[in-house]
Amino acid sequence: MPGKRNPERYESTRNSVLDAAVSVFQTKGYENARLDDIAEVLGVTKASVYYYFQKKSDLLIEICAVAVSEALERQATILSQDLPADERLRAAIADQLRGMSANYPVWNIFFRQFGVEHPDDPRWT
């Protein structure tokens, strides 16, 4: 099973693959990106990338799932606070905007892939 010998190294390398995928997806767009491009960024073979992710779509799903999961965790913490509803709402919105800004490449990929893009809008190019 992958990673049994050294789980920390496995996770570290897997995260490096994810980071490289974000970079490639951001630069080339998901549709134009290839696993070869990700391997090239890492300086490894495509087989090395396949060891961690079988398909390009697996990378996209993982990248987006992590971002959404982190956002939901933060939102749950904020919304469970003993504050008036309007203050919780303001805090939740502000947190979401800060999180999206801090992790712009991932959220840009997310929105591009899930249809929040208008082809004539120059902000998306």
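These legends walk through a predicted model, one close-up at a time.

View 1. The protein chain has six helices and zero strands, where helices (H or I, at least four residues) and strands (E, at least two) are DSSP runs numbered from the N terminus. Buried residues make up 31% of its 125 residues; buried means under 20% relative accessible area, with a 1.4 Å probe and protein chains only. Confidence is given as pLDDT, the predictor's own score for each residue from 0 to 100. The chain averages 90, and 89% of the residues score at least 70. Mean confidence is lowest in H6, at 92, and highest in H2, at 97.

View 2. Helix H4 takes in residues 56-79, and its end C-alpha atoms are 35 Å apart. That agrees with the 34 Å its 24 residues should span at 1.5 Å a residue, because the expected span is 1.5 Å times one less than the number of residues. Buried residues in H4 include Leu59, Leu60, Ile63 and Ala67. What covers the buried residues of H4 includes helices H1 (7-28), H2 (35-42), H5 (85-102) and H6, with contact meaning heavy atoms within 4.5 Å.

**View 3. Valine 17 and the residues it touches.** Look for valine 17 in helix H1; it is buried, with a relative accessible area of 2%. Not counting residues up to four places away in sequence, valine 17 touches Ile38, Leu42, Val49, Tyr52, Phe53 and Leu59. Valine 17 and isoleucine 38 are 21 residues apart in sequence and 7.3 Å apart in space, C-alpha to C-alpha.

View 4. The structure holds one cavity of 30 Å³ or more. A cavity is a set of points, on a 1 Å grid over the protein atoms alone, where a 1.4 Å probe fits but cannot get out; lining residues have an atom within 4 Å of a point. About 40 Å³ of space lies in the largest cavity, a volume being the space filled by probe spheres set on the points, which are joined across faces, edges and corners. Its lining is Phe25, Gly29, Tyr30, Ile109, Arg112 and Gln113. Helix H6 (residues 104-113) gives the largest share of that lining, three residues.

**Reading notes.** Residues are numbered from 1 along each chain as its sequence is written, and side-chain values use heavy atoms, leaving out hydrogens and water. In this predicted model, local features need pLDDT of at least 70 and side-chain atom pairs count only at pLDDT 80 or more, while totals for chains, interfaces and linings use all residues.

Key: On a 1 Å grid over the protein atoms alone, a cavity is a set of points where a 1.4 Å probe fits but cannot get out, and a pocket is an open set with protein on both sides within 12 Å along at least five of seven lines; lining residues have an atom within 4 Å of a point. Buried means under 20% relative accessible area, exposed over 50%, partly exposed in between (1.4 Å probe, protein chains only).
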